[in-house]
Amino acid sequence: MRIETLTVHAGHQPDPATGAVTPPIYLTTTFARDAKGELPHGFIYARSDNPNRRDLERALAALEGGETALAFASGMAATAAVFQSMLPGEHVIAPQDAYYGTAKLLREVMGGWGLASTLVDMTDPHAVARAVTPHTRLVWIETPSNPTLAVTDIARVAAIARAAGARCVCDNTWATPLLQRPLALGCDVVMHSTTKYLGGHSDLTGGALVLPADDEWAARLRTQQQLGGGVPSAFDCWLLMRGIRSLAWRMRGHCENAARVAGFLATHAAVDVVHYPGLASDPGHAVAARQMTAFGGMLSVEVKGGAPAALEVVRRVRLFTPATSLGGTESLIEHRASVEGPDSLTPPGLLRLSIGLEHADDLIGDLDQALRGAAATRS
Ligand SMILES: *Cc1c(COP(=O)(O)O)cnc(C)c1O
């Protein structure tokens, strides 16, 4: 079955109790035993499992081509479960431009737990190979990366991890399973912040892990999910199922709009660089073209005139909302260096754009007036 069909059907069936085509939200914390003292539907307590979560996990596994999935209360809860399934003394390799929460969790929490980590430029497979130690048990990939859309060769890095006896995780939040299927490229687990494109409407927080087999490691991660307790509510599972139904068509719109906006910005007089793997000139283009079916809805742009010019653009946009996060129907803009603080390595003139589902001409018009206005203020 094609992925568009899976987004609509996976995990969905008419409610067995009522025939409702759209499932109810099971707002219950506990489940009754039958006359024999058994649990007829396999549910016992909502932290362990819930009907809405079970449907969602089936859908997520199907979308990534996996065997099993685990839903969490946030992307970070899913990430934490992976790190907490590891042992003190083990070593993780992660990208130097990993999502800031991932890098901070490794440094500030997992470091104290005895998990060592090395951050490398993951667009260079040799740098990954050089960072391997006898204790390396996990290689964490995030591609395209935040905020410069750097592209990692998933199959190559997964092969390096395998040769080192390490598992390979791919944070597939930005690409979504519509554009990139890391399990098919050799990864052992896919991680998602479902808060972003999978939810798609900026109205829920969630995370997920998808694995190719329901093996011993999957069981360990499930224990972490159920006892760590970072589980999503029935309502958030329901909202996410609703979001996933339109994922395929939303992603088409995000990709189409982002390609148009990137093409426009690439020739704009007030712009230095556009980071978008869909541009033929982008350093990640060749690898992205090989491992992605389209180039996504995220891009970043370095404005001439550095931070003051970039901040002036943010003040002048009317359609783009200045806000963090991504993947919703509305376009967002963010000056990353201000958010990341004084240690940030992000270029000062960089703006990150989450391209929404408005008409591309309106988005282009809005960016054009803001860039021109900001440039006029400078001169
Ligand atoms: C947002 C995000 C996360 C963290 O997810 P939360 O749902 O905010 O906890 C992790 N990775 C990437 C790439 C993200 O964009």
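Which of the 14 residues around the ligand come nearest? In this predicted model, they are M76, D171, S193, T195 and K196. The ligand takes up the space of the largest pocket. Among the elements around the ligand, helix α3 (75-84) and strand β6 (189-193) each contribute at least two residues to the shell.

A polar backbone atom of G75 lies 2.9 Å from an oxygen atom of the ligand, and a polar backbone atom of M76 lies 2.8 Å from a ligand oxygen. In the case of S193, an N or O atom of the side chain is placed 2.8 Å from an oxygen atom of the ligand. The ligand taken alone would expose 380 Å², of which the protein buries 91%.

Leaving aside residues up to four places away in sequence, S193 touches G75, T173, G206 and G207.

Another part of the model to consider is helix α12, which spans residues 306-316. Its buried residues are A309, A310, E312, V313 and V314. In an α-helix, residues three or four places apart point the same way, because there are 3.6 residues a turn. The buried residues of α12 pack against the strands β9 (298-303), β10 (321-322), β11 (332-335) and β12 (350-354), and also against helix α14 (360-378).

Conventions
Residues are numbered from 1 along each chain as its sequence is written. This is a predicted model: local features need pLDDT of at least 70, side-chain atom pairs count only at pLDDT 80 or more; totals for chains, interfaces and linings use all residues. Side-chain values use heavy atoms; hydrogens and water are left out. Buried means under 20% relative accessible area, exposed over 50%, partly exposed in between (1.4 Å probe, protein chains only). Helices (H or I, at least four residues) and strands (E, at least two) are DSSP runs, numbered from the N terminus. Contact means heavy atoms within 4.5 Å. A residue is near a molecule or strand if one of its heavy atoms lies within 4 Å of it. A polar contact is a pair of N or O atoms within 3.5 Å; within protein, one must be able to donate a hydrogen and the other to accept it, and residues adjacent in sequence count only if both atoms are side-chain atoms. Accessible areas come from the Shrake-Rupley method with a 1.4 Å probe; for residues, only the protein chains shown count as cover. On a 1 Å grid over the protein atoms alone, a cavity is a set of points where a 1.4 Å probe fits but cannot get out, and a pocket is an open set with protein on both sides within 12 Å along at least five of seven lines; lining residues have an atom within 4 Å of a point. A molecule sits in a cavity or pocket if more than half of its atoms lie within 2 Å of its grid points.
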